[in-house]
Amino acid sequence: PTCPRCQSDSIGKLIPAYEFAGFLAKPDESPILDEEERYAARNLVSIQPQWDGRITGRWSLASGWSLILRQDEEVRWLNEGLPPTPTDNKSGVALLHNKAKGYAICSACGHLLSNPDQDAQNQKSRRKTNVKSDVNNQNFYGHHPSCTLASQPPLPLAIVTTEKAETLRLMLPVPYDFDDIQLKTWGLSLGYALKMGMQHCYMLDGSEIEFEFEGSWKVEQDGKRYRSVSLTFIDPSLGGSGYLRRIATQFDLVARNALEHLDHDPTCVTACYRCLKTYQNQRHHEYLNWLVVVPTLEEIIQSSPQANLAKTGDLNDPTPWLEAYDAGVGSPLELKFLKLFEKYGFHPQKQVPIALNTGEAPISVADFAIPEKRLAIYIDGASFHKGANLRRDRYIRDRLRNANPAWQVIELRSADLAQGEALVQSLKNNVS
């Protein structure tokens, strides 16, 4: 057997995880002095879809990407606990793995356990005395008196629950050497923006649709290498509520609602609780940036999704995207403009970092530019950009236009391709 995403057959470390019927909750009345410290417990839960559902629908978006609807897919909600602290790592306490403490819960009786010997050894201020274990005492570790594992010390484990769910995936290829941080920023921001669009469009509660950013994994096709990612939306309702199919057929409407939601305070230059941040996605706050996904949303709203046959394979033909990446541009649409420019003798630089003034740090990546003439050309579509700075759309472009000396900022859409030679000539005039 191989992983359905990356096709790898390598086996990772086996980690114990158990499913419990429920827990007895204890109230915690500790004061919260900073709202950012109000860490939601669900932020410890990762979602792990198993890609084993029946494919019941496929659609193509205006960007050329795929939507795949699956039913009866096994989805696991996994809680491995908090990450270990430096003290935990030094003390020698048993950990689930190096990124998670796990939970000291007995898999037989369900009691929370402790190890008095280990606790005593970890007390820095204790006297150097021998600690005598009384393992004959069945409550020494905290097990239930009748527990069959009463004599065993606690071993960390994860908590898991599994159910069949309906999933909708937005699948897309990305450049092989694309920066991981930029990719995570773009993927998480787009996913949570679309989730907000779904909630506004269909009046859904935040818990009615789950989102998980999956990937990236390496793919090789016809000697070309790229990576693939999935923006996965999950309907956890038993049997599915039917929303995901409606969302797929009206994905352009979802994107439009997402854009309307993101039309907010212009001083928000990354993310805030008004746009993308919630208590439920706290672990991703450092990656969220609403400005980097506006061009992608504007590309998606150009046309309604087109239904496809439910055939084998999870991606539309990635060739147009791979050809664009090979040519040094960020999308098939940019490649069309590049060919048009070259046809009529216009040769701007591609994917150019743009700074307000010479010697300053770049604030944008233009699709095409002639820096010496201070001309920056942006192709408004779903593009991928290399470099340390992502394009930030209108806010950034206005700063370029208002710089001293000002930049000429040209914004083009797919409809502008119809102008042909006249468009190229107008661009040449701007730099003559």
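## Packing of α8 against α10

Phe337, Leu340 and Phe341 in α8 meet Leu423, Val424 and Leu427 in α10, a contact being defined as heavy atoms within 4.5 Å. By class, this contact has six nonpolar, no polar and no charged residues; Ala, Val, Leu, Ile, Met, Phe, Trp, Tyr, Cys and Pro count as nonpolar, Asp, Glu, Lys and Arg as charged, and the others, Gly among them, as polar. The two helices, α8 and α10, pack at an angle of about 75°, with their axes 9 Å apart, which makes α8 roughly perpendicular to α10. Angles of 65 to 115 degrees count as roughly perpendicular, those under 35 as roughly parallel, those over 145 as roughly antiparallel and the rest as oblique. Axes are lines fitted to C-alpha atoms, for helices over the stretch in contact, and angles run from 0 to 180 degrees between N-to-C directions.

The model is predicted: local features need pLDDT of at least 70, side-chain atom pairs count only at pLDDT 80 or more, and totals for chains, interfaces and linings use all residues. Residues are numbered from 1 along each chain as its sequence is written, and side-chain values use heavy atoms, with hydrogens and water left out.

Strands β9, β10, β11 and β12 form an open sheet of four strands in the order β9-β10-β11-β12, with mixed pairing. Its edge strands, each pairing on one side only, are β9 (349–354) and β12 (408–412). Neighbouring strands of this sheet are turned by 45° against each other on average, direction ignored. Strand β11 (residues 375–379) pairs with β12 in the parallel sense over five bridges, and Tyr378 stands opposite Glu411 in β12. Two strands pair if DSSP finds at least two bridges between them; helices (H or I, at least four residues) and strands (E, at least two) are DSSP runs, numbered from the N terminus.

Helix α8 (residues 332–343) lies across β9, β10 (364–370), β11 and β12, running at about 20° to β10. Helix α10 (residues 421–431) lies across β10, β11 and β12, at about 170° to β12.

Eleven of the 14 residues of strand β4 (residues 66–79) are buried, so β4 is largely enclosed by the rest of the structure. Buried means under 20% relative accessible area, exposed over 50% and partly exposed in between (1.4 Å probe, protein chains only).

Strand β2 (residues 45–49) runs antiparallel to β4 and is joined to it by five bridges; Pro49 has Val75 in β4 as its bridge partner. Six bridges join the antiparallel pair of β3 (residues 54–60) and β4, with Ser60 opposite Ser66. In the hairpin of β3 and β4, which has five residues between the strands, Gly64 takes a positive phi near 90°. Twelve bridges join β4 to strand β5 (residues 158–174), also in an antiparallel arrangement, and Leu67 has Leu170 in β5 as its bridge partner.

## Crossing of α3 and α5

The axes of helix α3 (residues 180–202) and helix α5 (residues 251–262) come within 7 Å and cross at roughly 100°; α3 and α5 are therefore roughly perpendicular to each other. Their contact has twelve nonpolar, four polar and no charged residues.

## Cysteines

The structure holds zero disulfides, a disulfide being a pair of cysteine sulfur atoms within 2.5 Å. The sulfur of Cys268 is 3.7 Å from its closest cysteine sulfur, in Cys272, too far for a bond. For Cys275 the closest cysteine sulfur is likewise in Cys272, at 3.7 Å, too far for a bond. Cys268 counts as buried at 9% relative accessibility, and Cys275 counts as buried at 0%.
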